[in-house]
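Me: Hi, could you walk me through the ligand sites in this one? I'll ask as we go.

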Amino acid sequence: MNNSSVFIISAPSGSGKTTLVERLLQEVPGLHFSVSYTTRAPRGPEQHNREYCFVSREEFREMIAQNRLLEWAEVFGNYYGTATRFLDEARQAGEDLLLDIDVQGAAQVKKVIPDAVSVFILPPSRMELEARLRRRSQDQEDVIQKRLRDATREIQGYGSYDFILVNDDLEQSAERLKAIVTSERLRRSGAQSNESAPLAESCRKENVLSQIQPILASFGGS
Ligand code: ADP
Ligand code: 5GP
């Protein structure tokens with residue numbers, strides 16, 4: 001079995017990516033989540049092999065040398081990467097692969113797998129992103145300020161994604177993300193009818209460009 005689809009999801013921290021990915025995995029069957037490798041230390045309740053496979057920098061460099069990574073990047077001073085074995089496992093299980101990776105990683109995957117479907121999640125505004133980071137109560141003030149600066153940079157990468165999801169109302173966003181996955185699966189299977197297509201297409205980048213201008217402007221970009 002080698003016709004698994006690859007779905008890539010990226011977002012600035014605090015946009016609601018974890019919340020939406022968890023919903024997607026609960027509600028849509030047949031998605032194999034890739035647990036990334038990282039050299040950063042576990043945070044809070046994070047567990048090895050659940051949120052990440054936590055490895056040393058030496059082990060990570062070894063994985064690069066042995067060509068065991070589909071993509072990798074240095075993010076915030078730490079290495080992060082996707083093991084190629086997750087793609088093999090998804091193919092063997094007849095499932096699609098779901099990647100939660102950054103903008104640099106998404107570009108690398110698109111080079112190797114051009115038909116990978118990429119989704120960029122945007123917060124409704126910089127102000128709302130700041131409010132969510134504070135409400136999550138996970139970070140100190142200096143970390144929140146750093147995340148906001150990083151978000152401003154990461155958001156500039158939205159242009160290379162297929163779909164843009166503005167995570168305003170959570171229920172609506174969860175439905176839209178589900179529709180993107182379902183519609184893409186139906187399209188690839190050659191199905192005659194595709195009820196998810198209109199909702200999915202409403203999130204295609206070309207169709208949201210004017211809607212996202214105020215959001216980009218709130219981060220000081222266009
Ligand atoms: P990320 O994984 O992108 O860093 P999280 O999923 O941890 O973000 O979400 C950040 C915070 O925002 C959490 O407290 C979450 O409950 C909240 N959140 C997520 N989506 C929404 C939404 N649509 N509206 C309001 N709050 C949200
Ligand atoms: P965090 O340390 O907050 O969990 O993640 C920091 C960033 O690293 C996020 O933008 C996340 O998407 C990204 N990331 C997580 N895993 C990977 C990976 O395997 N590859 C790449 N390129 N980025 C990753």
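**Ligand sites**

Reply: Happy to! Ligand 1 sits in the largest pocket. Sitting there is defined as having more than half of its atoms within 2 Å of the pocket's grid points. A pocket is an open set of points on a 1 Å grid over the protein atoms alone, where a 1.4 Å probe fits, with protein on both sides within 12 Å along at least five of seven lines.

Me: Which elements give two or more residues to the shell around ligand 1?

Reply: Those are helix 1 (17-27) and helix 5 (126-136). Helices are DSSP runs of H or I with at least four residues, strands are runs of E with at least two, and both are numbered from the N terminus.

Me: Before we go on, what should I know about the model and numbering?

Reply: It is a predicted model, where local features need pLDDT of at least 70 and side-chain atom pairs count only at pLDDT 80 or more, while totals for chains, interfaces and linings use all residues. Residues are numbered from 1 along each chain as its sequence is written, chains are lettered from A and ligands numbered from 1 in the order in which they are written, and side-chain values use heavy atoms, with hydrogens and water left out.

Me: Thanks! How many residues surround ligand 1?

Reply: There are 15, and the closest are Gly 14, Thr 18, Thr 19, Arg 136 and Asn 167. To count, a residue needs a heavy atom within 4 Å of the ligand.

Me: And what about polar contacts?

Reply: Those are pairs of N or O atoms within 3.5 Å. The side chain of Arg 136 has an N or O atom 2.8 Å from an oxygen atom of ligand 1. For Asp 168, a polar backbone atom is 2.8 Å from a nitrogen atom of ligand 1.

Me: OK, switching to ligand 2. Where does ligand 2 sit?

Reply: Ligand 2 sits in the largest pocket. Strand 5 (69-75) and strand 6 (78-83) are the elements that give two or more residues to its shell.

Me: Which residues are closest to ligand 2?

Reply: Ser 36, Arg 40, Tyr 52, Tyr 80 and Asp 102, out of 16 that surround ligand 2. A side-chain N or O atom of Ser 36 is 2.6 Å from an oxygen atom of ligand 2. Glu 71 places a polar side-chain atom 2.7 Å from a nitrogen atom of ligand 2.

Terms used:
A polar contact is a pair of N or O atoms within 3.5 Å; within protein, one must be able to donate a hydrogen and the other to accept it, and residues adjacent in sequence count only if both atoms are side-chain atoms. On a 1 Å grid over the protein atoms alone, a cavity is a set of points where a 1.4 Å probe fits but cannot get out, and a pocket is an open set with protein on both sides within 12 Å along at least five of seven lines; lining residues have an atom within 4 Å of a point.
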